[in-house]
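Subject: Structure handover

Dear colleague,

Here is the structure we discussed.

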Amino acid sequence: MDLRDTPEEAAFRAELRAWIETNLTDQIRRGRFEEAGRDWSRKLHEAGYAGLTWPQEYGGAGAPYSHQAIFLEEMARAEAPPHLGVIGLGMAGPTIIAHGTDAQKQKHLEKILSTEEIWCQGFSEPDAGSDLSAVRTTARRENGHFVVDGQKVWSSFAHIADWCILVTRSDPGSERHAGLTYMLVDMHAPGVEVRPLRQITGEAEFNEIFFTGVEVPEENVVGEIGGGWQVAMTTLLHERGTLGFALQAALEIAVRKLVSLARERGATPLQRDRIAREWIELQALRYTNLRALTSLVKTGIPGPEGSIAKLQWSEANQRLTKLALELLGPEAQLLGEAAFLGGYWQHQQLRSRGNTIEAGTSEILRNIVAERVLGLPRSR
Ligand SMILES: Cc1cc2nc3c(=O)[nH]c(=O)nc-3n(C[C@H](O)[C@H](O)[C@H](O)COP(=O)(O)OP(=O)(O)OC[C@H]3O[C@@H](n4cnc5c(N)ncnc54)[C@H](O)[C@@H]3O)c2cc1C
């Protein structure tokens, strides 16, 4: 693979950089996530940057995956906020494109791109996290619709979501991967209750969702009734598969910030060694991403290599933020305005704890890499 941009990719990158320069205002950068995010997402959509790789018939740009990689890289380098529809764009949309009916595509895809619909992901439950096949939320079939009862947890964006991609157990006698049904659920339907959960950072990005007798029309089922496991796997491949370049760019920004902190505050020889290690990890991540992109371009489906990128980035980010706080010394105790960079490193360190849990814990990702990338024997 040629690691340089083709002339056409270089032109796309230059045009995108110029667009970001003009459109990413301080107001958007510093604004509250939801309002500023809606504004920013609308601009991205109008400029044709939302859903770059989606087919044109669904409002996408039909661009190659290399453009999506360039887009994620440039957005992270500019420290631009993400499109508000993280789950819609990255997971619900691609799953609907792969397994949805024509009616589902017509109804949702354009609205996901424009953020008219915000989506959340209802997979995890109090007793079903790493092992999604333990899902117990039930969906009972009744006169042309399903009645959903149960509880989901850790659902990011559920407090602002209009729709949810939900994994349910529709066959009461079934176990594990069989008897699951994947459906699109209206978050404004009677019987849906969202309760925000406060995180260690003080923010409440994720929620519990309670479903009590929620009626979901059968036409909202994605894939086969009872065939939800395969559909859920498509969602999870997309969750990790296309994020790699954004994670790499986010790590590059963090390493650069760490280097300038070390220059300003000084670092011991051992700390300098640790900084060098993070830079080397970053280069390794870059080549892993390029390898994953090659297989994505060939097959059109994200491969298990995405798990390596997520694992490397989340672990590196935790080590790196810890080192930054060590460099700050006693000043690391301060929070808010009084703190160095307004408490950037303190916030990053606290948030990084969740990074090694969300979208697959590090232990689960190591199992995936061992079994599906390296071909080692299955762990169970
Ligand atoms: C910030 C954040 C956002 C999230 N957003 C969402 C969301 O939007 N939607 C959603 O559905 N979920 C979301 N989650 C939930 C996330 O997917 C789960 O927390 C994750 O899958 C782990 O599940 P669990 O918390 O039940 O832990 P468990 O699965 O109970 O794991 C507990 C511990 O056991 C280890 N473990 C479990 N099984 C194995 C095994 N086979 N081998 C080795 N070790 C193992 C795990 O690594 C972990 O250390 C989010 C989580 C976080 C932190």
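Predicted model: local features only at pLDDT ≥ 70, side-chain atom pairs only at ≥ 80, totals over all residues.

Helix pairs

The pair α5 (residues 86-99) and α6 (residues 102-113) packs with axes 10 Å apart, at an angle of about 160 degrees. Angles over 145 degrees count as roughly antiparallel, and α5 and α6 are therefore roughly antiparallel to each other. Their crossing is left-handed. On the α5 side the contact is made by Gly88, Leu89, Ala92, Gly93, Ile96 and Ile97. From α6 come Gln104, Lys105, His108, Leu109, Ile112 and Leu113. Sorted by class, the contact of α5 with α6 holds 7 nonpolar, 4 polar and 1 charged residues.

The other pair is α8 (residues 244-265) with α10 (residues 305-328), where the axes cross at roughly 15 degrees and come within 10 Å. With angles under 35 degrees counted as roughly parallel, α8 and α10 are therefore roughly parallel to each other. The crossing of α8 and α10 is also left-handed. In α8 the residues involved are Gly244, Leu247, Ala250, Leu251, Ala254, Val255, Leu258, Leu261, Ala262 and Arg265. They meet Ala309, Lys310, Trp313, Ala316, Asn317, Leu320, Leu323, Ala324, Leu327 and Leu328 of α10. The contact of α8 with α10 divides into 16 nonpolar, 2 polar and 2 charged residues.

Nonpolar cores

In soluble globular proteins, nonpolar side chains tend to be buried together. The largest nonpolar core in this model has 31 residues. Those touching the most other members are Trp119, Phe123, Leu132, Ile165, Val167, Tyr182 and Leu184. Two or more residues each are given to this core by α5, α6, β4 (163-169), β5 (180-186) and α7 (228-241). The largest share, 5 residues, is that of α5.

Setting aside residues up to four places away in sequence, Leu184 touches Ile96, Gln104, His108, Trp119, Trp163, Cys164, Ile165, Val216, Asn220 and Val222. Of these, Ile96 belongs to the α5 side of the contact with α6, and Gln104 and His108 belong to the α6 side.

His145 is in strand β3 (residues 145-156). Its relative accessibility is 16%, so His145 counts as buried. Beyond residues up to four places away in sequence, His145 touches Arg140, Glu215, Val216, Pro217 and Glu218. Val216 is also among the residues that Leu184 touches.

Glu193 is in strand β6 (residues 192-197). Its relative accessibility is 38%, so Glu193 counts as partly exposed. Apart from neighbours within four places in sequence, Glu193 is in contact with Glu208, Ile209 and Phe210. From Glu193 to Thr212 the C-alpha to C-alpha separation is 8.3 Å in space, and the two are 19 residues apart in sequence.

In helix α12 (residues 362-373), the buried residues are Ser362, Leu365, Ile368, Val369, Ala370 and Glu371. After α12 comes Gly375, which has a positive phi near 70 degrees.

Regards

Terms used
Residues numbered from 1 in each chain as written. Heavy atoms only, no water. Axes fitted to C-alpha atoms, helices over the stretch in contact; angles between N-to-C directions. Helix = DSSP H or I, 4+ residues; strand = E, 2+ residues; numbered from the N terminus. Parallel < 35°, antiparallel > 145°, perpendicular 65-115°, else oblique. Left-handed = near helix turned anticlockwise from the far one by under 90°. Contact = heavy atoms within 4.5 Å. Nonpolar A, V, L, I, M, F, W, Y, C, P; charged D, E, K, R; others polar. Core = buried A, V, L, I, M, F, W, Y, C linked by side-chain atoms within 4.5 Å. Buried < 20%, exposed > 50% of the residue type's maximum accessible area, 1.4 Å probe, protein only.
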